[in-house]
Amino acid sequence: MTDRVGFIGLGIMGRSMAANILRAGFPLTVWNRTAERTAPLAAAGAQVAANPAELAAASDIVITCVSDTPDVEEVILGPQGVIHGARPGSLVVDMSTISPEATRRIAAALAERGVDMLDAPVSGGSEGAAKGTLSIMVGGKAEALQRALPVLRALGQRITHVGDHGAGQTVKLVNQVIVVGNCLAMCEGLLLAQAGGVDLHKALEAVSAGAAGSWMLSQRGPQILARDWRPGFTVALQQKDLRLVLEAADQLGVPLPGTSLIFQLYRTLEARGLGGDGNHALIKALEALAGFEVGAGRASGGDRAP
Ligand SMILES: NC(=O)c1ccc[n+]([C@@H]2O[C@H](COP(=O)([O-])OP(=O)(O)OC[C@H]3O[C@@H](n4cnc5c(N)ncnc54)[C@H](OP(=O)(O)O)[C@@H]3O)[C@@H](O)[C@H]2O)c1
């Protein structure tokens, strides 16, 4: 029998992911803190629950995709949380990016009620969520993953079981170290291209096709050239992830000098009230240091007086 799915958190990621689950033919119930955001899914055929507990009572598999660790704790363990409605034998799949340690605590609390949990954070951005091409890194029991697979296949192309509870979140933090490193490299490269007076679109086209190519460069490079700061992933959430990374690195005694620097650069954007911009707005922090903007018609390096 087809599992009934519940989806909590219809933000930039969740609204597309929930739509893909519905499109794949699963009976779907949704809940979102800001109720209006459920309207498009309700129009597409989803049921709307009054709270997470009610959603869990109507579902065999509950998926959460909310912002941060306290938010996942709230929707799963809070007074109207999933834990109060979930039947023994049901499964919770958390696809938010949160603390690996908190994930293990939440999994233990659910296990006491006979409810299994997977941590299944994702990478691939809002574009990957819309197209159903996310990379999903899964922590938890293999049997639980087997059960969730048909639903996860509606969301992602690469689904990797990386270990026990919390391991998915640890791998997601690894992902974020590499993502922000890519982002900084892209921003520094574009700054140099601007100063060097080359055609920025041609520069992007050329380097995207070589060893410097990356998801970040092809998705966010053109956005920077267009000075389009609409978020696929906000600076505020990026900083939430970097805090999780630096906390884990601190606990494990691992030096991450590059990531620490990028965290500080993003902090200058938060201080300027730019937390709602997309994470590619990192370039604004570098532009403030350089004294010029990318794509703003600055005279090329060759044109400058000696
Ligand atoms: N965007 C990306 O590219 C991306 C990629 C990979 C992973 N992620 C991760 O996916 C998760 C969601 O990201 P997003 O970009 O979709 O964020 P978003 O657009 O800001 O949406 C956040 C969602 O969480 C809900 N929420 C937040 N706090 C809550 C609380 N205390 N109780 C109930 N609901 C709460 C929000 O409800 P309201 O509508 O009421 O605000 C909204 O539905 C985050 O953990 C993020 O790190 C994002």
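Residues are numbered from 1 along each chain as its sequence is written. Because the model is predicted, local features need pLDDT of at least 70 and side-chain atom pairs count only at pLDDT 80 or more, while totals for chains, interfaces and linings use all residues.

**View 1. The shell around the ligand.** Of the 26 residues here, G11, M13, R33, T34 and F233 come nearest to the ligand; a residue is near if its C-beta atom, placed from the backbone, lies within 6 Å. Elements that give two or more residues are α1 (12-23), α4 (69-77), β7 (122-123), α6 (125-131) and α11 (235-252). Helices (H or I, at least four residues) and strands (E, at least two) are DSSP runs, numbered from the N terminus. The shell has nine nonpolar, 12 polar and five charged residues. In this grouping, Ala, Val, Leu, Ile, Met, Phe, Trp, Tyr, Cys and Pro are nonpolar, Asp, Glu, Lys and Arg are charged, and the others, Gly among them, are polar.

View 2. Domain 1 (5-164) and domain 2 (170-295) come from the domain assignment, which is automatic or from a database. Their C-alpha centres lie 28 Å apart. Here 13 residues of domain 1 are in contact (C-beta atoms, placed from the backbone, within 7 Å) with 13 residues of domain 2. On the domain 1 side, α6 gives the most, with three residues.

**View 3. The contact of α11 with α12.** Look for V235 and L242 of α11, and F263 and Y266 of α12, among the residues that make this contact. By class, the contact divides into eight nonpolar, four polar and one charged.

Methods. Two residues are in contact if their C-beta atoms, placed from the backbone, lie within 7 Å.
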